[in-house]
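Let's walk through this model together, starting with its open spaces and moving on to its aromatic contacts.

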Amino acid sequence: MRAVQVQEYGGPEVLRTVETEVPEPGPGQVSVDVAYTGVNFADLKARGEGYRVPSLPFVPGLEVSGRVRALGEGVSGVEVGQEVAALTAGGAYADVVVTDATTVFPLPSGVDLRTAATLPTVLPTAYALVHAVGRLQPGETVLVQGAAGGIGTAVGQLAKAAGASGVFGVVSGAAKAKYALDHGYDDVLVVPSTTDSVQFVDEVRAATGGRGVDLALDPVGGETFRASLASLAVFGRLVSFGNASSAEPWRVGQPELYPTGLSVSGFSILTLAQTAPDALRALTEKAFAAVAEGVVSLPVTAEFPLEEASEAHRLMGGRTSTGKLLLRVA
C-alpha cells in the first residue's frame, strides 16, 4: 500500500510517498480503508519538529474517513465494510490505517465520506472549546484566535448557536477576515503576524465597550496567549488548545488570576483520546449530531491527491488557507 512518510524532519519536501506493508489490527483495534484524510496543523509540527512523533520513519495524519477493513479481537459496534470516521494517533496519510476501536465512529445519517474526513479532530475540539471546557453561556462574548481555520470555522458557528452575544475572531489577512465573517463571527481583527498580536487587546476592549470578553480560545501560545489573557472580562475564561508558536509552555499564577477572578484551562483531543476515551466518545457523538442537524458545517476549501501531501502542507504553512484541507486517498 501507499503511505506518505517523514524520514527526516524538515519542510514539506521531506514528505515522501513509499510502498509499505498493510497494517493489521491488534486486539481492540480496527483497520480502515482510507477514503479521505484530514490535514491539520499538528501534522506540520510533526513533520517539522517531531511533535508527537515516537520515532522515524513516521507517517503523519490524525483523522480519516473510509470503510472498515478488518476488526481486531474483542471489537464490537462496527462491521467490516461500514463507513466510518476515525481519530488516529498517526499513520493516516496512507491507503490503510489502524486505530483504536474507541476512536472509530459510524457516520451520522446524511454525512458522506468527504464531509466525514473533516470531523474527527476539528468538530469535537470545537465543541469542547465552546461547551465542555469553555462553558459558554447565552449572552456571553468569545474571542477566537485563528478564526478562519478549521477549528475557528466550527467555533464561530457553534458559539453563535449557543447564544453568544458577540463572537470576535483574529486572523492574519483581509481574505481570512471575510471568510470568518461568513461563518458566525460578528467582528474580525486582522493581525498580520504573532509579533503584532498585542495590538488586538485594545481593539477587543473597544469592541466590547471596555469590558473584555468572557471566553478566549487560543491555539497559538506565547505572546498571543498573554494578549488573550489580557483581553478577558472580570471572571473571564481562557482555554489554551495548542502552541502553534512553539513558544515556551505558558505559566500563569496568582498575580495574573486573582485581581479579576480569571480562569485558565487547556484542551487536547489527542491527549483526551489516551486518558479518557469514554469522555471523548461522548463528546464526539454530540459534535457529530450538531453536523447532522445542520448546526455547523466545515467547508473543504482545498483537496489534494495523497501523493501531493507536500502541496497541502505548503498551503497550510503559508498561512493563507481557510476552512479544511483534505487528502484524497481512494
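Predicted model: local features only at pLDDT ≥ 70, side-chain atom pairs only at ≥ 80, totals over all residues.

Residues are numbered from 1 along each chain as its sequence is written, and side-chain values use heavy atoms, with hydrogens and water left out.

You will find 2 aromatic pairs here (rings of Phe, Tyr and Trp, the last by its six-membered ring, with centres within 6.5 Å; planes under 30 degrees apart are stacked, over 60 edge-to-face, the rest tilted). Phe105 and Phe288 have ring centres 5.7 Å apart and planes at 65°, so they pair edge-to-face. Phe105 belongs to strand β7 (residues 104-106) and Phe288 to helix α10 (residues 277-292), 183 residues apart. Both Phe105 and Phe288 are buried (under 20% relative accessible area with a 1.4 Å probe and protein chains only; exposed is over 50%, partly exposed in between).

Now turn to Phe225 and Trp250: with centres 5.1 Å apart and planes at 15°, this pair is stacked. Phe225 is buried at 1% relative accessibility, whereas Trp250 is partly exposed at 37%.

A charge also meets a ring: Lys45 lies over the face of Tyr51, 5.9 Å from the ring centre (the criterion is NZ of Lys or CZ of Arg within 6 Å of the centre and within 35 degrees of the ring normal).

How values were computed. Helix = DSSP H or I, 4+ residues; strand = E, 2+ residues; numbered from the N terminus.
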